[in-house]
Amino acid sequence: MSLTALQVMQDAPVIPVIVLHDVAHAVPLAQALIAGGIRTLEITMRTPVALDCMRAICAEVPQAIVGAGTVCSTRDLDACLAAGARFAVSPGYTTQLGVDCRKRDVPLLPGVATASEIMLAQNDGYTALKFFPALQAGGVGMLKALYGPFAHIQFCPTGGLTAQNAAEFLVLPNVVCVGGSWLVPADALLSADYARIETLARQAVQLAR
Ligand code: 3PG
């Protein structure tokens, strides 16, 4: 049975936003995150090796729930599904992407930053949304304001989140989880410091919701 976007959001307090430049990092990274308690992983489609990384993790780390980030088109969507992705995250929302995901029975976590974008997404049946870029688009204050007219919308704020400020978002009634790249620092990958990534994941799992 396929996942729902809400189930993707509920799996852990933080969805790691992962940018990989070397396929050799993919499997040990996924293993480190899982050892720290995070199995739902967003691999962004921003690098030439992103699809190979998804394939490697799906083949070698079956406990991982691999999703694709930065999915902006039908072409991106079909490529990541062929590589094994089980959910998609997009920086914004288009009806085309919403329809394509529904046709393929793929959960989509689309990005929104304004009331009009929320209305468009909910009109197409999407109520579990990424709030992006969270800090730049108004942060906690904006999410509190959006709760008035959109109390039923469930958000994953992403963009500018850190271990220090994530808790301020996670206490909000319309926030289910947050997304962020801080769990996977580029320098930790380069130095193969997977123990540090495991520790960051362990700390993220302990954030209260
Ligand atoms: C992104 O798509 O890059 C995410 O919003 C991650 O943002 P961050 O690097 O500020 O966590």
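1. Gly180 first. Leaving out residues within four places in sequence, Gly180 is in contact with Val14, Ile15, Pro16, Val17 and Thr158; contact means heavy atoms within 4.5 Å. Gly180 sits in strand β8, residues 178-180. Strands here are DSSP runs of E with at least two residues, helices are runs of H or I with at least four residues, and both are numbered from the N terminus. Pro16 lies 164 residues away in sequence, yet the C-alpha to C-alpha distance to Gly180 is 5.3 Å. Gly180 counts as buried because its relative accessibility is 5%. Buried means under 20% relative accessible area, exposed over 50%, and partly exposed in between, with a 1.4 Å probe and protein chains only.

2. Basis of the values. This is a predicted model, in which local features need pLDDT of at least 70 and side-chain atom pairs count only at pLDDT 80 or more, while totals for chains, interfaces and linings use all residues. Residues are numbered from 1 along each chain as its sequence is written, and side-chain values use heavy atoms, with hydrogens and water left out.

3. Ligand shell. Gly180 is also one of the residues around the ligand, together with Val17, Arg46, Phe132, Thr158, Gly159, Gly160 and Ser181. The shell divides into two nonpolar, five polar and one charged residue. In this scheme Ala, Val, Leu, Ile, Met, Phe, Trp, Tyr, Cys and Pro count as nonpolar, Asp, Glu, Lys and Arg as charged, and the others, Gly among them, as polar.

4. Ligand polar atoms. An N or O atom in the Arg46 side chain is 2.5 Å from a ligand oxygen. For the side chain of Ser181, the distance from an N or O atom to a ligand oxygen is 2.5 Å. A polar backbone atom of Gly160 is 2.7 Å from an oxygen of the ligand. The ligand taken alone exposes 310 Å², and the protein buries 77% of that. These areas come from the Shrake-Rupley method with a 1.4 Å probe.

5. Thr47. This residue is found in the loop between β2 (40-44) and α3 (50-60). Thr47 is buried, since its relative accessible area is 11%. Residues up to four places away aside, Thr47 touches Val19, Leu20 and His21.

6. Helix α2. In α2, residues 26-35, the buried positions include Ala26, Val27, Leu29, Ala30, Ala32 and Leu33. An α-helix has 3.6 residues a turn, so residues three or four places apart point the same way. The buried residues of α2 pack against β1 (14-18), β2, α3, α9 (186-190) and α10 (194-205). Just after α2, Gly37 takes a positive phi of about 105°.

7. Leu183. The loop between β8 and α9 holds Leu183. Leu183 counts as buried because its relative accessibility is 0%. Not counting residues up to four places away, Leu183 touches Val14, Pro16, Leu33, Ile38, Ile197, Leu200, Ala201 and Ala204. Arg202 is 19 residues from Leu183 in sequence and 9.6 Å away, C-alpha to C-alpha.

8. Cysteines. The structure holds zero disulfides, a disulfide being a pair of cysteine sulfur atoms within 2.5 Å. Cys72 is in none; its nearest cysteine sulfur, that of Cys80, is 11 Å away. Cys72 counts as partly exposed, at 49% relative accessibility. Cys156 is buried, at 2% relative accessibility.

Methods. A residue is near a molecule or strand if one of its heavy atoms lies within 4 Å of it. A polar contact is a pair of N or O atoms within 3.5 Å; within protein, one must be able to donate a hydrogen and the other to accept it, and residues adjacent in sequence count only if both atoms are side-chain atoms.
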